[in-house]
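Hello,

Here is the structure for you to look over. My notes follow below.

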Amino acid sequence: MASRCAEDVHDETSLYDEFATMTTRIMVKKYTEEHEWIEMDEGGKIGTMGITEYAAKALGDVVYVELPEVGMECNKGDTIGAVESVKSASDIMSPVSGKIVESNEALSDKPATINKGPEAEGWFAKIEVQDQSELEGLMSKEEYDAFEKD
């Protein structure tokens with residue numbers, strides 16, 4: 001009986017380790033040199049993307065957003081939309097290759113949502129990622145913070 005209990009504890013520990021690893025993977029947000037971000041969902045297939053806080057501050061008050069069409073296929077680096085502010089306009093580029101599965105339509109009516117929460121409710125679009133390995137070439141939060149300061 002004692003060995004059976006030890007096995008149960010080992011199994012529970014393995015499950016905990018698996019869950020902890022999976023949770024860490026889920027919560028990872030990646031960044032580009034063009035000041036865009038992507039965060040993968042639990043299944044690791046759909047990424048939510050948008051512009052960074054740094055980009056939103058640099059743009060100033062956002063007055064117009066051109067969203068990508070749902071179903072649009074794009075390659076990493078392709079322009080998928082644009083953001084216009086009172087100061088300037090900026091293209092939004094896809095950080096990975098894939099297919100757009102959702103656009104944040106709330107931005108059409110309230111583009112300033114990007115200023116309030118560019119890395120939260122101001123997300124731009126969701127993409128079904130074609131090649132997971134493209135995420136490896138993007139920066140972590142720490143790498144992006146260092147890049148942004150340069």
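What is the mean pLDDT of the chain, and what share of its residues reach 70 or more? The mean is 87, and 82% of the residues reach 70 or more; pLDDT is the predictor's confidence in each residue, from 0 to 100. This is a predicted model, in which local features need pLDDT of at least 70 and side-chain atom pairs count only at 80 or more, while totals for chains, interfaces and linings use all residues. Residues are numbered from 1 along each chain as its sequence is written, and side-chain values use heavy atoms, without hydrogens and water.

Residues 1-17 stay under 50 in pLDDT and have 0 contacts beyond four places in sequence (contact means heavy atoms within 4.5 Å). Residues 19-26 are also below 50, with 5 contacts beyond near neighbours in sequence. Where pLDDT is low, the predicted coordinates should not be read in detail.

The model has an open sheet of 6 strands, paired antiparallel in the order β1-β2-β3-β9-β8-β5. Strands are DSSP runs of E, at least two residues long, numbered from the N terminus, and two of them pair if DSSP finds at least two bridges between them. The edge strands, β1 (29-31) and β5 (73-74), each pair on one side only.

The lining of the largest pocket has 5 nonpolar, 4 polar and 4 charged residues (nonpolar: Ala, Val, Leu, Ile, Met, Phe, Trp, Tyr, Cys and Pro; charged: Asp, Glu, Lys and Arg; polar: the others, Gly among them).

Regards

How values were computed:
Helices (H or I, at least four residues) and strands (E, at least two) are DSSP runs, numbered from the N terminus.
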